Amino acid sequence: MSVSVHNSRYQAVRSALVALRKKAGLSQAQLAERLEVGQSYVSKIERGEAYVDVMLFIDWCLACGAKPGTVLNRMLAALPDQAGLTGR
């Protein structure tokens, strides 16, 4: 399993986070302020130059007014079969 930020599954995570931020009507700077990080860090995550960990994912969702579990379920439903990864 690839853990690269360029993996298609990770790209789907980034796309979902960008869409979530935009749907909330937030700029990168506004989201960064809510997350108490620099705007450049939000930009790096969105461009695939930095990873987002699970805690930041949760905070990102909450800062955008979304339930993290709901966002995760939508992302998982949109991903192709995980080549036998389920059920382990």
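## Where helix 1 meets helix 3

In this predicted model, Arg14, Val18 and Arg21 of helix 1 are in contact with Ile45, Glu46 and Arg47 of helix 3, where contact means heavy atoms within 4.5 Å and where helices (H or I, at least four residues) and strands (E, at least two) are DSSP runs numbered from the N terminus. By class, this contact of helix 1 with helix 3 has two nonpolar, no polar and four charged residues; Ala, Val, Leu, Ile, Met, Phe, Trp, Tyr, Cys and Pro count as nonpolar, Asp, Glu, Lys and Arg as charged, and the others, Gly among them, as polar.

Two packed helices are described by the angle between their axes and the distance between the axes. Helix 1 (residues 8-23) and helix 3 (residues 39-47) pack at an angle of about 130°, and their axes are 8 Å apart; the axes are lines fitted to C-alpha atoms, for helices over the stretch in contact, with angles that run from 0 to 180 degrees between N-to-C directions. Helix 1 and helix 3 are therefore oblique to each other, given that angles under 35 degrees count as roughly parallel, over 145 as roughly antiparallel, 65 to 115 as roughly perpendicular and the rest as oblique.

## Basis of the description

Residues are numbered from 1 along each chain as its sequence is written, and side-chain values use heavy atoms, with hydrogens and water left out. Because the model is predicted, local features need pLDDT of at least 70 and side-chain atom pairs count only at pLDDT 80 or more, while totals for chains, interfaces and linings use all residues.

## The chain as a whole

Of its 88 residues, 36% are buried, where buried means under 20% relative accessible area, exposed over 50% and partly exposed in between (1.4 Å probe, protein chains only).

The accessible surface of the protein chain comes to about 5,700 Å², of which 55% belongs to carbon and sulfur atoms; such areas come from the Shrake-Rupley method with a 1.4 Å probe, and for residues only the protein chains shown count as cover. Among contacts between residues at least 6 apart in sequence, 54% join residues at least 24 apart.

## Helix 4 against helix 5

The axes of helix 4 and helix 5 (residues 68-78) come within 9 Å and cross at roughly 105°, which means that helix 4 is roughly perpendicular to helix 5. Here Phe57, Ile58, Cys61 and Leu62 in helix 4 meet Pro68, Val71, Leu72 and Met75 in helix 5, and by class this contact has eight nonpolar, no polar and no charged residues.

## An aromatic pair

Rings of Phe, Tyr and Trp (its six-membered ring) pair if their centres lie within 6.5 Å, with planes under 30 degrees apart counted as stacked, over 60 as edge-to-face and the rest as tilted; by this rule the count comes to one aromatic pair. The rings of Tyr10 and Tyr51 have centres 5.2 Å apart and planes at 70°, so the pair is edge-to-face. The two residues, 41 apart, link distant parts of the chain, with Tyr10 in helix 1 and Tyr51 in the loop between helix 3 and helix 4 (54-63).

Tyr10 counts as buried at 14% relative accessibility, whereas Tyr51 counts as partly exposed at 44%. Ser4, found in the segment before helix 1, touches Tyr10 and Tyr51, not counting residues up to four places away in sequence. The relative accessible area of Ser4 is 27%, so Ser4 is partly exposed.

Ser4 and Gly48 are 44 residues apart in sequence, and their C-alpha atoms are 9.4 Å apart in space. Asn7, also placed in the segment before helix 1, is buried with a relative accessible area of 16%, and its C-alpha atom is separated by 9.8 Å from that of Gly48, 41 residues away along the chain. Glu49 belongs to the loop between helix 3 and helix 4 and is exposed, with a relative accessible area of 51%; the C-alpha atoms of Glu49 and His6, 43 residues apart along the chain, are separated by 9.0 Å.

Most residues other than glycine have a negative phi. Glu36, in the loop between helix 2 (28-35) and helix 3, has a positive phi, near 60°, and counts as exposed at 73% relative accessibility.
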